[in-house]
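Have the sequence and the 3D view open side by side.

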Amino acid sequence: MLNNFGAIGILLIFAIALPVILVTVPKLLAPRKYSKEKGTVYECGMETRGETWVQFKTNYFLYALVFVAFDVETVFLYPWAVQFRKLGTFAFIEMFIFIAILLVGFWYAWKEGALEWK
Amino acid sequence: MNAQYALLAPEITLAVVGLVIFSVGLLIPKGSRQGMVPLTVLGILVTMAVAGAQFFSNVNGSFLDGMYLADNYASFFKLLFLAAALLVVLSSTEYVQKLPAHRGEFYGLILFAALGMMVMAGSGDLITLYVGLELMTISFYVLVAYLSEDGKSGEAGLKYLILGAVSSAVLLYGVSFLYGLTGSTVITEIAAKLGSGMSPATILALLLVLAGFSFKISLIPFHMWAPDIYEGAPVPITAYLAVASKAAGFAALVRVMLVGLKAQALDGNVAVALAVLIGLTMIAGNLMAIPQKNFKRMMAYSSISQAGYIAVGLLAGTPDGVKGVLFYSMIYVFANMGAFTVATVVSTAQGSDEIKDFAGLARRSPLAAVVMTVSLLSMAGIPPLAGFVGKFYLFKALLDQGWVPLVFIAFVMSMVSVYYYLLVTRTMYMEEGADLPKIGVSGATKFTLLVTMLVTLFLGIYPSPLAKMATIAAASLFR
Amino acid sequence: MNFSLTVGLPHYLLVGAMLFCFGLYGVFSKKNAIAVLMSLELMLNAVNINLIAFNRFLWNNPVEGTKHLLLNGHVSAIFVIVVAAAEVAVGLALVISIYRSRLSANVDELDWLKW
Amino acid sequence: MIRMEASFQWAWLIPALPLLSFLIIGFITKKWPKLSSTISIAAILTSFVLAVWVDFGVFASGVGAELVEKPYQHVVNWLTFSGVPWGLSAAPLNIEFGTLIDPLSAMMLFVVTLVASLVQIYSVGYMHGDKGYSRYFAYQSLFAMSMLGLVLSTNLLQLFIFWELVGLCSYLLIGFWFFKPSAREAAKKAFMTTRVGDFGLLLGILFLLNKFGTLNFVQLFHMMTPEVKAMVAVGGVSYLTLTAFLVFIGPIGKSGQFPLHVWLPDAMEGPTPVSALIHAATMVVAGVYLIARIYFLFQGASPAALEFVASLGGFTAIFAASIAIAQNDIKRILAYSTLSQLGYMVMALGVGSLTAGMFHLMTHAFFKALMFLGAGSVIHALHEKQDIWEMGGLWKKMRITGTTFAIGVLAIAGVPPLAGFFSKDEILSAALHNGHPVLFGIGLFTAMLTAFYMTRLFVIAFMGPEKAENHPHESPWVMTLPLVILAFFSIVGGWAGIPEHGFAYFVRPWGSEFEPEAMNWLVAGPSIIVGLAGIILSYIVYYGKASDPVEAAFPRVYKVLKNKYYVDEFYLWIIKHIVDGIGKVLYWFDIYIVDGIVDGLAWIARSLGSLFRRAQTGQLQVYAIIFFVALIVLFLAVTYGEGQLHALNPLALGGGK
């Protein structure tokens, strides 16, 4: 048990030490010269104007939301599929009901315009 | 196998009704979505009939090896949730007219929240319980944030979501430990495996679960969300939250604690800790209600303290105590819905729900003022209203177990509560509302007002029918 | 020296606890609402790790009379994942709606409701 | 076995009729004031007739004495508790609703229905033209129902329910003129203060329930065995004593005993007939009635309980009486007088004489209602003037009011053969006989003070110099008729105590032997003397402001007193500087200290609430942190608090199995 924790301990020490070293060594070694050019956002291309943070269209989010919701629901299909033979017809019907409910949800999202790009 | 599905009849009915409401909402063109109310009411009534049939024909069965139970206890709570949903729908007909759009979803979500509560009351398995809980709360997140124009509503929704999610994570973390300790998530099996053992891990699991539920029923100090969310939410939803969501929390908590963890929960330190939480809830909840200016916020604190009274029955842990919980939760539905329906009426007319908006209500709408008075006095426990009988059952059960000082606190704080309830009454009756016009109430609202008042009065004078139902339901929990 | 790294239940529980605490820390300290939602996911995944670890290490018994193993913990985890996803979906939608009205998604600015 | 008197089983109609009238007025006839008042009065008069019928059954047909041993009960079940029997009771707990008839309740029925009927008739004149005329009568009916229900209760819970209802009616009626801010405040104060008492009462009820498993008065009475009396609760205090103290808190609030008396003087903001009915004759004596109902409990408790009751009563009596001297508002004088008389009744019960207490309750109801209604008549005539110094000369203009008021004053002063003499005499002799010489002294002195301030009121208001700006006129007959009837009862009411099988024979504790007592002149003598002394003294002092009308009215007395003018001077000095001063000091104490404490409690509650509320910062992350910290604290307390938590926490005192 102790050995195991010892291993984790060493791992932990390394994990902490490595980034620290990697950050501090260049700081100590590298020469530092500041200039206006270096302070700009990009070293090439156009200079940005206004807010640096770009806003995405909310439709991206909507798509993402709909996708996440439906994607995750399908996780239930896996155990069902694996045991499909043993579960019999009743489980088959049940899964249809489940999918039907999902479809109502999908229909709802569609009708409410979640899939339209405006 | 198929026959067992009959046990799920109320849930299935409600799910179908909910989906139909959603679909109908889509089929009717936007902007002219009328006729949802009758449909919803009809659906709830049908479900109530099914649940009532189960209760009165003494259906006591379990499903999938005890993962889902249809006993009298669950049926009682199902009736309670449906009654609450029905009153909310009826009382909000005028309020909903003011909502920008999405009226169909409003009713659909109310139904799905009720479905979640029913699953909570019926589940014999912690994961099923969790799914029911989340079905309820996710519906509530949306409902709370329903007034998209009003920044407060959205803020309340997000706050509720984040805090609610933290609490469910805590609850689940506890559940994962219970699973680790016993290898099962079925409540009865957990009880069998745990026996009367008490290890630090059990205590941790127990307290995590307790904290998760305490959030839902808003025991102090897990109550912080309640006032903000109650204030921000649309009035009918606040009522629904205060009444049904809380009752659902109790339904699940009582089952988990008294069936699954009875040996641990009501023993030694844990019981004392629970008693301290309850005492704190009653004291601070009532005291904080006093300085409030906003009606919904005051009712939030009031409902926190009411949760303290109800939790007394849990602490007693006897069939009598559970009977008190059931009885009080039910009459609380009617008392609170009465008060909130009046608040909805005032809020629709005034566009705000400060206590001072109630000035002169006695003149502007005498019925509303009377209903508000009756409801508030019932909550304060003034005989001969139903609240008094309920408190009597609860405190008697607790006294039975010898918690004399806690009973004492409960009494003192009941007296204190009269003070702030009376402030509202005084505003309604004894302050002139300048020259504000009379408030008209629609048929559905009037019906709600009358029903809540009559039930509160009737159960105060003749509580036997409900008491008998509560006794049967409580007995089924301990079978 | 011989480090035989056998990872057991305690390690998983530790990871779970750490994840839970990271999540909690995130909820306590992150300003951006989206980051708070992400932290919540961490907390829920901590639960999943617990459930699956318990299942794997403690309750890995076969179902009576078959060679199949009891997978209560795994199934529970799936339910948790699904419900959490639904929760976060609603959460994101709310964040968007709040962002639209307030042009900010910082949770510490959500203080119109207090006292 | 008792012969079932036919009237007894109809007793439930006595409270039911006013309830019906309340419902009819509230839901149907609200728009027609005349009809409303007619319905209300018809209902209460019918109740009165029924009450007389019941009383006839009790007192005149020979079953009265049997009823003391075996009260008549007529019950229906209300709350049913299934399962195991509770406490000492052999049967599962049932709480019923019903009517209990014994001489005590029969006497109360008569008093309440009589006074309520008269007050309602009076109100037709007094409230004439008021905006809330119908509402007023609805409340009156509701009150009558509640009070009668209280009187007829068979068990403590039923009594408590009606107890709360009368409190509610009192709240509604004090705040009846809600456009006056003072009325609103007074109403709230009355409700809140009495609630403090109610909480003690309810706790006492639960204690009784816990131990005995029943709340029925008769069953409780039969359980008072020596073993029960010996049961110890905490620290050597017997269980019954503790319970008796808790229950007694109820009467302290309701019957205005020190220090919860502060609401009663303020309650005078209500309409005067309300003050007469609720705050003088009926509701405030509910506390006294309660003590009498469960007198067996106090007898079973240790002597300290009754001792306490007696002392508090005596203190309240003298305290309130000395304040009354310094008051100028006619209704406030009467209010403090009521407090003082209530103290008298409580003292009577405390010194061990249920009979004397209830006797005084009855006579007091007559003469105090009379004086309140008289005061109402005066206020009505002077267009809402209440300061006695602004009155004067009313004697001439308001003959009926004046005469009846004088009868009231003489009755309360204890002048034979008026009602007050007999009941007061009974109290004083009980105090002396049962070994309370100090209380006897206090009672005697209070009797003098009572005579003094009442005469003062009468002399100034009725016999003082006439004021030019006042144009008093006698009130209409609906208002004077009740005065005359009450005056009649104020005269003859006390005679009920005279015959061998009189008041004392019927109204006595359950299970006690009747001991006839002759008139005790050793007590009666001083009692009469101090009463007359008070009257004369007051007359001398305040007569100074009078002019010829007084001389014309009482020439002989005037002459006698004039000859001893130096005595008058001396008394004047004493009264002005000492008695009046004490009165003023006590009044100050009452207003600022006692009242201040009551208000202070409300303030503390309020500021604690504001303080706690500050935690609610609106920052959801703070909420989340509090949530989690609370969880950790809980966990630490539970795991590491083994043993300590129990010791730390008083909640575990009796607790948790």
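**From one residue to the whole assembly**

Ala105(C) sits in the segment after helix H3 (72-102) of chain C. Helices (H or I, at least four residues) and strands (E, at least two) are DSSP runs, numbered from the N terminus. This is a predicted model: local features need pLDDT of at least 70, side-chain atom pairs count only at pLDDT 80 or more, and totals for chains, interfaces and linings use all residues. Residues are numbered from 1 along each chain as its sequence is written, while chains are lettered from A and ligands numbered from 1 in the order in which they are written.

Ala105(C) has 19 other C-beta atoms within 10 Å, so it is partly exposed. Two residues are in contact if their C-beta atoms, placed from the backbone, lie within 7 Å. Leaving out residues up to four places away in sequence, Ala105(C) touches Asn32(C), Ala33(C), Ile34(C), Val95(C), Ile98(C) and Tyr99(C). Leu94(C) is 11 residues away along the chain, and its C-alpha atom is 9.9 Å from that of Ala105(C).

Now look at chain A. Chain A has five helices and zero strands. Its pattern along the sequence is α-α-α-α-α. Of its 118 residues, 2% are buried. The domain assignment, whose bounds come from an automatic or database source, gives domain 1 (2-38) and domain 2 (58-111) of chain A. Five residues of chain A are in contact with five residues of chain B. On the chain A side, four are nonpolar, none is polar and one is charged. Here Ala, Val, Leu, Ile, Met, Phe, Trp, Tyr, Cys and Pro count as nonpolar, Asp, Glu, Lys and Arg as charged, and the others, Gly among them, as polar.

Chain B also meets chain D. That contact takes 58 residues from chain B and 54 residues from chain D. On the chain B side, H19(B) gives the largest share, 15 residues. By class, this side of chain B has 48 nonpolar, six polar and four charged residues.

Helix H1 (residues 9-27) of chain B has 19 residues and reaches 27 Å between its end C-alpha atoms, close to the 27 Å expected. The expected span is 1.5 Å times one less than the number of residues. Buried residues in H1(B) include Leu14(B), Val17(B), Ile21(B) and Phe22(B). Gly256(D) follows H10(D), with a positive phi near 55°.

Finally, the core. A nonpolar core is a set of buried Ala, Val, Leu, Ile, Met, Phe, Trp, Tyr and Cys residues joined through C-beta atoms within 7 Å. The largest has 496 residues, and those with the most contacts inside it are Phe81(B), Ala84(B), Ala85(B), Ala114(B) and Ala369(D). Helix H15 (residues 319-350) of chain B supplies the largest share, 19 residues.

Definitions and conventions. Buried ≥ 20, exposed ≤ 12 C-beta atoms within 10 Å, placed from the backbone.
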